[in-house]
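User: Please take me through the labels used for this model. For each one I would like the value, the cut-off and the conclusion.

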Amino acid sequence: MPEGPEIRRAADALADAIVGEALTTVFFAFPKLKRRERALRGRIIESIRPHGKALLTRFDNGWTLYSHNQLYGVWSVVAAGKRPDTARSLRVALETRQRAILLYSASDVDLWRTDRLHEQPFLRRLGPDVLEPALRVGEVAQRLEDPKFSGRSLAALLLDQGFLAGMGNYLRSEVLFEARLAPHRRPRELSRAERRRLASALLAVPQRSYRTRGIEPARGMQASYLTDTPEAFRFRVFDRAGEACEACAEPILRQELAGRRLYWCARCQG
Ligand SMILES: [Zn+2]
């Protein structure tokens, strides 16, 4: 399952293809959206950004396309006028003179007034997106004190999209390692400093992953040549069961917690 950083990079690729240019073609396969096609022609897409696993495509006329890929949906970017040879069914096409972005197979698609988007049933249940640039450490720390969340184990809370959307399984392990907190602890048992540390890690680790994951130093390249490029993101505990912890050399543990595999260092996160 893709997590917040991967979803945001996919959204960036769609945005790069189409944001800022007038739409020449707007196609929706859904009857309830058909009547909106004409009004969107000639409009400009202002932004495409995820909230959790939902994608929000914002037009310059006060409307936003909400789409959720579930397990089937897939977006692709093509040159204007081109349609890939595929058996999948086309659900949305948004095209400028240069490029088109196409959504196949997804069924959870709707148009909302941008100012009423917070009423959308799926979005209403989500916490703020962990990669939302406006989200601050103080707000995350405050959320940790909310009685809705403060009694839960960190292992469960860090997968709960109602706490912070965009979190996922590798991020959970990496955030807890960075914050030096054991997965069975609960926010209400943490000191103020620990809560603050956790809140910082909850923003910093996904940001680092978003900026650098998938960027690997070229083969044979020395790290010293990479001063202008971000350091590649790598897992410090996730998927490293039995390996030595980079901080204390204790073997990293693997445990099933809240139904997913979690990796941690019992000494550093004691
Ligand atoms: Zn350690």
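Analyst: A polar contact of 2.6 Å joins the side chains of Thr114 and Thr64. This is a predicted model, in which local features need pLDDT of at least 70 and side-chain atom pairs count only at pLDDT 80 or more, while totals for chains, interfaces and linings use all residues. Residues are numbered from 1 along each chain as its sequence is written, and side-chain values use heavy atoms, with hydrogens and water left out.

User: What makes the pair Thr114 and Thr64 a polar contact?

Analyst: The term requires a pair of N or O atoms within 3.5 Å; within protein, one must be able to donate a hydrogen and the other to accept it, and residues adjacent in sequence count only if both atoms are side-chain atoms. The side chains of Thr114 and Thr64 are joined at 2.6 Å, so the pair meets the distance limit.

User: Where is Thr114, and which residues does Thr114 touch?

Analyst: Thr114 sits in the loop between β8 (108-113) and α4 (121-124); helices (H or I, at least four residues) and strands (E, at least two) are DSSP runs, numbered from the N terminus. Setting aside residues up to four places away in sequence, Thr114 touches Arg58, Gly62, Trp63 and Thr64, where contact means heavy atoms within 4.5 Å.

User: Why is the aromatic pair of Phe238 and Tyr263 called edge-to-face?

Analyst: The structure holds eight aromatic pairs. In the pair of Phe238 and Tyr263 the centres are 5.1 Å apart and the planes make an angle of 75°. Rings of Phe, Tyr and Trp (its six-membered ring) pair if their centres lie within 6.5 Å; planes under 30 degrees apart count as stacked, over 60 as edge-to-face and the rest as tilted. The 5.1 Å therefore makes Phe238 and Tyr263 a pair, and the 75° makes the pair edge-to-face.

User: Which parts of the chain does this pair link?

Analyst: Phe238 is in the loop between α9 (192-212) and β9 (253-257), and Tyr263 is in strand β10 (residues 260-264), 25 residues apart. Ring pairs also join these two with Tyr170, Phe233 and Phe235 in a cluster.

User: How do you know whether Phe238 and Tyr263 are buried or exposed?

Analyst: Buried means under 20% relative accessible area, exposed over 50%, partly exposed in between (1.4 Å probe, protein chains only). Phe238 has 8%, so it counts as buried. Tyr263, with 2%, is also buried. Across the protein chain, buried residues make up 46% of the 270 residues.

User: What makes helix α8 largely enclosed?

Analyst: Ten of the eleven residues of α8 (residues 169-179) are buried, so the helix is largely enclosed by the rest of the structure. Among them are Tyr170, Leu171, Val175, Leu176 and Phe177. The buried residues of α8 pack against α1 (4-18), α7 (154-157), α9, β9 and β10.

User: What follows α8, and why is its phi worth a remark?

Analyst: Arg180 follows α8 and has a positive phi, near 55°, although Arg180 is not a glycine. The remark is made because most residues other than glycine have a negative phi. Arg180 lies in the loop between α8 and α9, and its relative accessibility of 42% falls in the partly exposed range.

User: How do you know where Gly73 sits and what Gly73 meets?

Analyst: Gly73 is in the loop between β4 (63-68) and β5 (74-79). Its relative accessibility is 16%, so Gly73 counts as buried. Gly73 and Ala106 are 33 residues apart in sequence, yet their C-alpha atoms are 4.0 Å apart. Ser105, in the loop between β7 (99-104) and β8, has a positive phi near 70°.
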